[in-house]
Amino acid sequence: MTNDRYNAPPSREEQTLIYKKVGDREIDLIFLPPTKQVFDRAPVYLIIPGGGWRSASAEAMVGFSKKSSDALRERGWATVSVAY
């Protein structure tokens, strides 16, 4: 049996994905795939925003980390920025 999710060609588009649901609240992350394929399975640069567990903006952290994220993505890494 094959799993089409793993056999599908990789997307080069930014994606917002739900990674957890707490009650009625969906918690998301931003996934930015590598801009070119270097590895069979890309390593991940994980961005966890600060905010003292009261506020966090995954979007703001993507912008704040843009230089490092872009450099790593060009070398085959994926970037993930989580909200909480």
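Tutor: Strand S4, residues 78-82, is mostly covered, with five of its five residues buried. Keep in mind that this is a predicted model.

Student: Which residues of S4 point one way and which the other way?

Tutor: Ala 78, Val 80 and Val 82 point one way, Thr 79 and Ser 81 point the other way, and all are buried.

Student: In what sense does S4 pair with S2, and over how many bridges?

Tutor: S2 and S4 pair in the antiparallel sense, over four bridges. In S4, Thr 79 has Leu 32 standing opposite.

Student: How do S3 and S4 run, parallel or antiparallel?

Tutor: They run parallel, and four bridges join S3 to S4. Here Ser 81 of S4 stands opposite Ile 47.

Student: Now the charged side chains. How many salt bridges are there?

Tutor: Side chains of opposite charge can pair when their charged atoms come close. The cut-off is 4 Å between the nitrogen and the oxygen, and the count comes to two salt bridges.

Student: Which residue forms a salt bridge with Glu 74?

Tutor: Lys 36 does, with the closest N and O atoms 3.8 Å apart. Glu 74 lies in helix H3 and Lys 36 in the loop between strands S2 and S3, so the pair ties together parts that are 38 residues apart in sequence. Glu 74 is partly exposed at 41% relative accessible area, and Lys 36 is partly exposed at 42%.

Student: Where do Asp 70 and Lys 66 lie, and how many residues apart?

Tutor: Both are in helix H3, four residues apart, which is about one helical turn. Asp 70 is partly exposed at 33%, and Lys 66 is partly exposed at 48%.

Technical notes
Residues are numbered from 1 along each chain as its sequence is written. This is a predicted model: local features need pLDDT of at least 70, side-chain atom pairs count only at pLDDT 80 or more; totals for chains, interfaces and linings use all residues. Side-chain values use heavy atoms; hydrogens and water are left out. Helices (H or I, at least four residues) and strands (E, at least two) are DSSP runs, numbered from the N terminus. Buried means under 20% relative accessible area, exposed over 50%, partly exposed in between (1.4 Å probe, protein chains only). Two strands pair if DSSP finds at least two bridges between them.
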